[in-house]
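Here are my notes on this model, point by point. Please keep the structure open beside them.

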Amino acid sequence: MNIPHATYRLQFNPQFRFRQAAKIVSYLADLGVSHVYASPVFKARQGSAHGYDGVDPNQLNPELGTGSDFEGLHRKLKQRRIGWLQDIVPNHMAFDGANRMLMDVLEHGPHSPYAAFFDIGWHGPGSATPERLMAPFLGRRYAQCLEDGELKLSFDASGFAVNYYQLRLPLKIESYLILLKAIAERLESKAGDNQVGDAPLADVINCIEAIDARSNADTRRQETRRVKKALFDLYDGNGKVRQCIEQTLWHYSQGRDAGGRVDDLDRLLSDQFFRLCHWTVAGQIINYRRFFDINELICLRQENRAVFDGTHGLIKQLVDDGYIDGVRIDHIDGLADPAAYLRRLRAHLGDIYIVVEKILQAEESLPTGWPIQGTTGYDFTQRLNGLFCATDNEAIFDDIYNAFTGQTTDFDHLLVDCKRRFLKEQFGGDLHNLVDRILHAAGQPRNGRQLTRQGLMQSLTQILIRFPVYRTYIDQNGPNAADRACIQAAVASARQDSASPAPEMTFLSQLLLDANVKPTGIGPATDVDPIIVKFQQLTAPLMAKGLEDTALYIYSRLISLNDVGGDPRRFGCRPHDFHAFIKTRADRWPHTMNSSATHDSKRGEDVRARINVLSEMPKAWRDHLSRWHGLNQVKKNRIDGAPVPDRNEEYLLYQTLLGAYPFDNPPGTAFTQRISRYMVKALREAKIHSSWIKVNAPYEDAACAFIEKILHPTEDGSFLQAFLPFWKKVAFYGIWNSLSQTLLKITVPGVPDFYQGTELFDFNLVDPDNRRPVDVDKRKRLLADMLNHFSSDPLGLIEALLTHRDDGRIKLFLIARALRARKKRARVYQAGSYVPLAIAGRFKAHVIAFARMHDARCSITVVPRLLTGLIEAHQYPLGRRVWQDTEIVFPCTTARRWKNSFTGEIVEAATSVNVGRILNHFPCALLEDTQ
């Protein structure tokens with residue numbers, strides 16, 4: 001297995017293609033990267049900015065380049081010994097005309113060979129009649145779109161289709177008869193007494209009438225292809241037929257006021273295998289599983305072997321051909337049986353590196369039986385970030401936040417309320433479908449026959465909104481101990497709600513906990529009861545939307561803690577907890593990923609590093625909040641008498657400005673626009689004054705106007721004059737946080753991952769802000785200059801880096817030097833033990849130190865933390881004068897001489913050494929024994 005030494009995430013899109021990536025290979029090699037970590041590169045919707053809306057997993061995305069471009073990129077990678085970690089998306093595909101498998105389903109319905117590929121509820125519980133697949137993409141109600149002529153019919157070589165702007169859906173072959181008979185009538189009327197070759201058209205009609213719905217899928221599709229070819233040949237070769245087809249379609253598509261055949265079009269569309277409807281309907285009625293609440297992403301049934309084989313062909317070929325060394329699996333929690341999928345994938349792809357995107361709650365562990373190397377590192381991100389939060393100041397921050405905003409609801413209640421709202425408004429259809437399944441099956445066990453729909457809805461709602469983790473992993477053996485604990489905790493909490501009927505609650509508890517109360521039997525594709533499967537596939541998106549995309553935008557006590565995989569209730573992470581987490585992780589998942597920023601992050605790693613500084617200076621934060629609020633009150637517009645933004649949004653905004661304000665002061669209008677776009681997204685995600693479903697444009701405009709006023713240097717500079725001195729102080733301390741967290745990521749057990757561009761300071765905000773182009777040429781130039789300078793004068797280079805620290809070169813330097821040291825001692829970092837080192841002295845709480853040991857080799861990492869109490873905002877955290885008597889107890893090894901990878905200095909140490917001696921010229925240290 002090719003275990004990565006360090007990965008570098010690249011976000012491919014039509015503006016950053018294979019050829020552009022090939023140009024940066026030498027830079028990545030010089031930086032010390034061992035593997036490119038690629039966003040999805042398989043065919044996606046046209047213009048996709050991220051690749052997660054795939055339409056064909058067995059074809060490279062032509063918008064990223066040709067096959068030759070892909071091969072050329074890999075040749076360059078191989079020349080520099082760089083591997084490839086590929087992000088794959090097994091859970092879903094785009095509901096799009098370019099998705100040929102799905103279009104086949106829309107055209108042939110249950111007769112399609114792909115009908116079982118997608119997670120579609122063709123049959124409701126107890127129903128033998130197939131339902132029509134919902135197509136919830138209309139911007140208005142179906143009747144309005146129909147009456148106003150927004151639904152257009154079209155014809156080409158692929159047959160007849162209905163178009164709604166860019167959306168094209170194929171008509172089933174039986175419905176061609178309606179159109180062709182109308183076309184034949186028009187053709188006959190034009191011919192008069194002379195026949196103009198309508199016999200071939202009649203032959204086509206006869207062929208359609210002969211298609212038997214009872215035919216097997218292959219026969220039906222063959223006959224359909226033959227009919228469509230004959231019809232298009234007639235259209236292409238007979239001008240009068242072509243004219244009649246076009247005129248007929250035009251009249252069908254005109255809308256009522258223009259004299260269109262609206263009723264006929266309605267009857268035609270009502271006879272399809274799909275049902276067009278307003279996009280908001282999906283929140284209450286849905287018959288296919290979506291990725292979260294995104295109608296445009298329809299989920300796959302990977303538990304079906306044919307689906308797996310049909311969607312993993314190209315990835316298998318690329319692995320076998322040596323292009324791909326590992327995979328990252330997107331949204332593992334969406335699959336019916338993640339463990340079974342992973343076992344199948346491991347057998348399919350062989351002994352390659354595999355990690356999963358999995359969010360683990362505070363005390364949750366990754367299932368140990370999964371045949372993978374670990375996760376993408378959200379759990380690590382939050383522990384790492386928490387190290388730089390002053391945990392002792394939590395109560396003070398509670399007081400500051402509550403006093404400024406007037407918020408009194410604690411986060412537990414807020415999260416439950418957010419999940420309840422999402423379940424009602426966006427997942428109501430999924431909830432109703434699950435209740436229908438339960439009701440249909442409930443009559444089989446004796447204790448289920450008296451259940452009511454209302455009682456089940458209430459009880460199931462209470463369990464779902466109180467579920468403590470993203471999902472459980474119940475398999476054919478029933479729930480394991482961890483699953484049971486989660487279910488029991490949710491049920492116990494749910495029972496506290498007086499609206500939950502006891503019989504229904506008891507039945508649901510037994511259903512989830514007792515393998516003997518399975519009411520529906522064994523499904524053909526999985527040994528897990530379908531009700532349990534659907535329950536587990538609902539808890540994950542509900543938690544994601546309620547927590548990540550709502551609560552984290554409302555609760556803003558300290559927003560550096562509000563990120564994917566985080567829990568804002570946990571105010572930081574103490575050193576001993578961090579060490580314990582790392583040691584456990586190293587024992588169980590030594591090659592899991594260490595990330596500090598991803599494409600899903602709510603804010604850049606260095607934005608968090610700055611905001612964490614506030615936790616160290618609560619009084620100064622409170623004073624500046626009060627002052628800024630007073631200065632800016634007059635700059636707020638009012639809507640319905642209330643100032644915009646409200647105080648909670650204002651609290652969020654000031655933290656965001658402190659975290660993201662760039663060093664190139666003044667930043668200009670581009671920064672103002674970025675903050676405004678971020679605020680609009682934050683408002684819609686919070687769903688208090690605006691939302692994605694119901695945009696409140698006046699409120700959003702007022703919030704953006706406020707931002708423009710306070711950041712405009714000539715409007716009224718009072719805010720910036722008050723803001724900038726405090727920002728400079730926060731930003732100064734944030735630099736040391738940034739360097740420390742970066743070195744920890746590289747040297748603790750696991751594989752360090754770097755999101756594109758973060759080798760300089762990362763002041764990005766949530767996507768799409770963090771997908772902006774990266775200036776690689778600048779990074780190339782800086783790195784080359786530093787490598788040359790270091791070889792001749794390392795201490796001179798460090799002095800220059802400290803002097804010009806604002807441009808981020810100091811972070812780039814640390815990464816390059818640390819990755820070289822890591823590569824040089826690969827076995828130490830891939831297989832070595834993790835040994836926290838004892839620290840003594842006055843400032844022992846401000847240092848993190850540990851050793852990585854393997855055989856006779858040892859490397860030691862030393863980083864500072866929480867520096868506002870040690871140095872002023874013009875000092876460096878260097879030397880004995882700062883660190884005084886603080887010492888690190890070195891591990892028991894034979895080494896007495898240690899070389900600092902950043903400075904080249906030799907440190908003599910037997911049993912202990914003063915921190916000021918180690919951090920003498922550079923604010924972090926990576927020491928290597930010289931024996």
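1. Start with Pro645, which sits in the loop between strand E19 (642-644) and helix H25 (647-660). Helices (H or I, at least four residues) and strands (E, at least two) are DSSP runs, numbered from the N terminus. Val644 and Pro645 are joined by a cis peptide bond, with omega about 0°. Pro768 is in the loop between strand E20 (751-755) and helix H29 (776-792). Most peptide bonds are trans.

2. A word on the source. This is a predicted model: local features need pLDDT of at least 70, side-chain atom pairs count only at pLDDT 80 or more, and totals for chains, interfaces and linings use all residues. Residues are numbered from 1 along each chain as its sequence is written, and side-chain values use heavy atoms, leaving out hydrogens and water.

3. Now check phi. Most residues other than glycine have a negative phi. Arg81 is not a glycine, yet its phi is positive, about 55°. Arg81 lies in the loop between helix H3 (67-79) and strand E5 (83-88). Tyr165 also has a positive phi, near 55°. Its loop runs between strand E9 (159-164) and strand E10 (167-170).

4. Are these two residues buried or exposed? Buried means under 20% relative accessible area, exposed over 50%, partly exposed in between (1.4 Å probe, protein chains only). Arg81 is exposed, at 77%. Tyr165 is exposed too, at 59%.

5. Glu107 belongs to helix H4 (residues 100-108). Glu107 is buried, with a relative accessible area of 7%. Its contacts (heavy atoms within 4.5 Å) include Lys172, Arg220 and Lys228.

6. Look next at the largest nonpolar core, which has 201 residues. Such a core is a set of buried Ala, Val, Leu, Ile, Met, Phe, Trp, Tyr and Cys residues joined through side-chain atoms within 4.5 Å. Phe12 and Trp621 touch the most other members. Helix H28 (residues 718-747) gives the most to this core, with 17 residues. Another core, of 64 residues, lies apart from it; Phe118 and Phe274 are among its members.

7. Finally, the sheet. Three strands form an open, antiparallel sheet in the order E6-E13-E12. Strands pair if DSSP finds at least two bridges between them. E6 (92-94) and E12 (290-291) are at the edges with a single partner strand each, so one side of each has no neighbour in the sheet. Arg290 has Ile298 in E13 as its bridge partner.

How values were computed
Lists of a residue's contacts leave out its neighbours within four places in sequence.
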